[in-house]
Amino acid sequence: MLALRPPPLWEFFPAGLLLGIGYGLAFASMGLLVVAAAPADQTGMATGVNTIARTVGGAAGAQVASAILAATAIAHVPTLRGFTIAFWTFAAIAVIAVVTAALIPAPAVREAEPARRR
């Protein structure tokens with residue numbers, strides 16, 4: 001939406017609020033899904049990989065946006081064109097991510113491990 005029509009500044013605040021709530025819910029859910037999918041003896045490793053992937057992804061996204069804005073800046077000032085290109089770039093990446101996620105096969109259902117007695 002931002003790539004099609006640059007909104008007034010005040011519209012960024014409710015959008016940022018919704019985005020923050022969405023990120024919070026998604027990150028919490030992702031951690032639970034990772035723990036549920038990993039074997040019990042590899043839970044720590046799985047959550048660590050999830051955290052690293054999230055951090056690297058965020059850093060890479062910030063660098064891509066910075067590179068686009070720097071490449072389209074005029075006198076060291078980002079332009080509307082730069083923001084438009086960045087928004088379209090991330091929209092395309094999001095579509096690719098959704099398609100990739102849809103192509104991942106569902107995991108096989110595994111039986112619950114029997115409880116060990118001491």
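Is His 76 buried or exposed? Keep that one in mind, everyone, and I'll come back to it in a moment. Before anything else, please remember that this is a predicted model.

Helix H1 covers residues 12–37, helix H2 runs over residues 43–71, and helix H3 takes in 80–103. How do H1 and H2 meet? Their axes come within 9 Å and cross at roughly 145°, and the crossing of H1 past H2 is right-handed. On the H1 side, the contact is made by Phe 27, Met 30, Gly 31, Val 34 and Val 35. Facing them from H2 are Thr 43, Ala 46, Thr 47, Asn 50 and Arg 54.

Now follow the chain into the loop between H2 and H3, where we find His 76. Here is the reply to my opening question: His 76 is exposed, because its relative accessible area is 81%, and the cut-off for exposed is over 50%. Ala 75 sits in that loop between H2 and H3 too, and with 65% relative accessibility it also counts as exposed.

There is something else to notice about these two. Most residues other than glycine have a negative phi. Yet Ala 75, which is not a glycine, has a positive phi of about 55°. For His 76, again not a glycine, phi is positive at about 65°.

What about Thr 79, buried or exposed? Thr 79 is in the loop between H2 and H3 as well, but this one is buried, since its relative accessible area is 15% and buried means under 20%. Which residues does Thr 79 touch, once we leave aside its neighbours within four places in sequence? Those partners are Thr 72, Ala 73 and Ile 74.

Last stop, the surface. Leu 9, Trp 10, Phe 12, Phe 13, Leu 80, Phe 83 and Phe 87 together make a nonpolar surface patch of about 780 Å². Two elements, H1 and H3, each give two or more residues to this patch. Which of them gives the most? That would be H3, with 3 residues.

Let me pick out one member, Phe 83, which belongs to helix H3. Phe 83 has a relative accessible area of 35%, so we call this residue partly exposed. That label covers values between the buried limit of 20% and the exposed limit of 50%.

Note on methods
Residues are numbered from 1 along each chain as its sequence is written. This is a predicted model: local features need pLDDT of at least 70, side-chain atom pairs count only at pLDDT 80 or more; totals for chains, interfaces and linings use all residues. Side-chain values use heavy atoms; hydrogens and water are left out. Patches are made of residues with over 30% relative accessible area and no salt bridge: like charges are joined within 9 Å, nonpolar side chains (Val, Leu, Ile, Met, Phe, Trp, Tyr) within 5 Å. Accessible areas come from the Shrake-Rupley method with a 1.4 Å probe; for residues, only the protein chains shown count as cover. A salt bridge is a side-chain nitrogen of Lys or Arg within 4 Å of a carboxyl oxygen of Asp or Glu. Helices (H or I, at least four residues) and strands (E, at least two) are DSSP runs, numbered from the N terminus. Buried means under 20% relative accessible area, exposed over 50%, partly exposed in between (1.4 Å probe, protein chains only). Axes are lines fitted to C-alpha atoms, for helices over the stretch in contact, and angles run from 0 to 180 degrees between N-to-C directions. A crossing is left-handed if the near helix is turned anticlockwise from the far one by less than a right angle, and right-handed if clockwise. Contact means heavy atoms within 4.5 Å.
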